[in-house]
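Have the viewer open as you read.

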Amino acid sequence: MGKFADATSAAVFAGLHYNDQLGIKDSSKNLRVLWSRAYLNHVGAMKDDIAYQLLPTNTRDVIKALPKSGPLVNFQEFITSRTKFIDDAVDSFLKGVRDDASSEEDTNTQKPQIVLFGAGYDTRSLRYNNDATFFEVDLPDVVDGKGRLQQYWKDLQAKADNGEDITLPTRIGYDLNDAADPSKPSLSQTLTQVGLDPNIPTLFIWEAVLFYVKPEAVLEIFDDVFNLGTKSVYCLVDSLKPAVTTSFLHVTREVFDTYDLDIVDHNSRWGGAVHFVLAGRKDSSLTKTMLTERTELPFSYLATSVPNGVEEQSTNAASYNDHWYAVAYPWQIEDGEVFSTRLWGEPMVIYRDVEGNLVCSKDVCPHRSAPLSMGKMNADGQLECM
């Protein structure tokens, strides 16, 4: 079914780009995300006007015929949530750099740097164009297609007299799996050779790319990039395997501690298959500024009232019996909304009924085992499956 879906997707996007003068046909996955972002922007699920501008002019209005709510929107929630998390991280990083510089009376006027790994056809370097110097790392054929898209957008802005201040990112064709090959340049060497300055505050972003990278290469990338620069910040919405194989914050923190990094924010999904992590160099004034600015404690799956705390957990199996666990803040459970989380790997949904009472249930529909968190609240305050 997966292979059939991929083949169907590739055929659909090849058709949508049949008369595309840019020749963007290299990757159905990258095109799928670009179209998804344009569609989600159209229905108001995220803000990304540029994604729509990058679509072929003769077929892009297809998205206007699609439903503005329902399963098709809900199915793409991962794209929405990861975009919001990363954009929030970018905003915190840029604000932190400004606040840090002003507090230190820093005379360095160079822009901060942002490195995007596996960016695909994401528009972040265009949306934040004037705020940072961007570097994009992806497979050679992907960055080639991305370059044509970006130049096309810049030309459009020039026609509208808005293109003078646009600086396109430095694109680097690099297979992340090559990081495990000692005969090939490391990521840090490749980045510094094309102009990355480790002395300038830099945000490194991984967005759903490490799933496709060999475990040994992932570890080499972490060893290499996590030690690059004294004011570096790292944002990952990605798999952390084999370094982290559970969803728990304390395990993630232990791993990042080995790289001298403080976790600023954290969440995870699907039993730790995906982590949402924002971390910065320990003792860095930039990290301290970001921690102060964000104020909200990182999300944690740790129990809060187990006798003797973590020490007791290490000797006794996790249990629901005779213990209370914090699973959410009150403000996270909004009327008419569905909140999903996990406790000890067990997926659950929490919501408020029509009278405002809290309801907790397994995150699974008994009909066909679909996640209830993809459903919606009806007028009677009941949770309906998608």
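1. A contact here means heavy atoms within 4.5 Å. With that in hand, take L236: leaving out residues up to four places away in sequence, its partners are W206, L210, F222, F226, F256, H275, F276 and V277. L236 is also among the residues with the most contacts inside the largest nonpolar core, along with F117, F204 and W206. That core has 35 residues, and helix α9 (residues 215–225) is its top contributor, with five. Another core, of 25 residues, lies apart from it and includes F78, F85, I86 and L278.

2. Keep in mind that this is a predicted model. The mean pLDDT of the chain is 84, and 85% of the residues reach 70 or more. The stretch to watch is residues 299–317, where pLDDT stays under 50. The model still has 34 contacts beyond four places in sequence for that stretch. Where pLDDT is low, the predicted coordinates should not be read in detail.

3. On the overall fold: the chain has 386 residues, of which 47% count as buried, and it holds 12 helices and 12 strands. Among contacts between residues at least 6 apart in sequence, 60% join residues at least 24 apart.

4. Two pairs illustrate such links across the sequence. H17 sits in the loop between α1 (2–16) and α2 (28–42), and its C-alpha is 7.7 Å from that of T59, although the two are 42 residues apart in sequence. H17 counts as buried because its relative accessibility is 1%, under the 20% cut-off. R352, in strand β9 (residues 346–352), is 25 residues from M377 in sequence and 9.2 Å from it in space, C-alpha to C-alpha. M377 is also one of the residues R352 touches, and the others are P330, I333, D335, N357, L358 and G381, not counting residues up to four places away in sequence.

5. S81 is worth a click. This serine is in helix α5 (residues 77–103) and counts as buried because its relative accessibility is 14%. S81 touches R269 and F276, not counting residues up to four places away in sequence. F276 turns up among the contacts of L236 too.

6. Now the backbone. Most residues other than glycine have a negative phi, and most peptide bonds are trans. A208 has a positive phi of about 50° and lies in the loop between β4 and α9. D283 also has a positive phi, of about 65°, in the loop between β7 (274–281) and α11 (285–294). Is each of these two buried or exposed? A208 is buried, with a relative accessible area of 17%, whereas D283 counts as exposed at 68% relative accessibility. The peptide bond from K241 to P242 is cis, with omega near 5°, and P242 lies in the loop between β5 (232–238) and α10 (249–257).

Definitions and conventions:
Residues are numbered from 1 along each chain as its sequence is written. This is a predicted model: local features need pLDDT of at least 70, side-chain atom pairs count only at pLDDT 80 or more; totals for chains, interfaces and linings use all residues. Side-chain values use heavy atoms; hydrogens and water are left out. A nonpolar core is a set of buried Ala, Val, Leu, Ile, Met, Phe, Trp, Tyr and Cys residues joined through side-chain atoms within 4.5 Å. Buried means under 20% relative accessible area, exposed over 50%, partly exposed in between (1.4 Å probe, protein chains only). Helices (H or I, at least four residues) and strands (E, at least two) are DSSP runs, numbered from the N terminus. pLDDT is the predictor's confidence in each residue, from 0 to 100.
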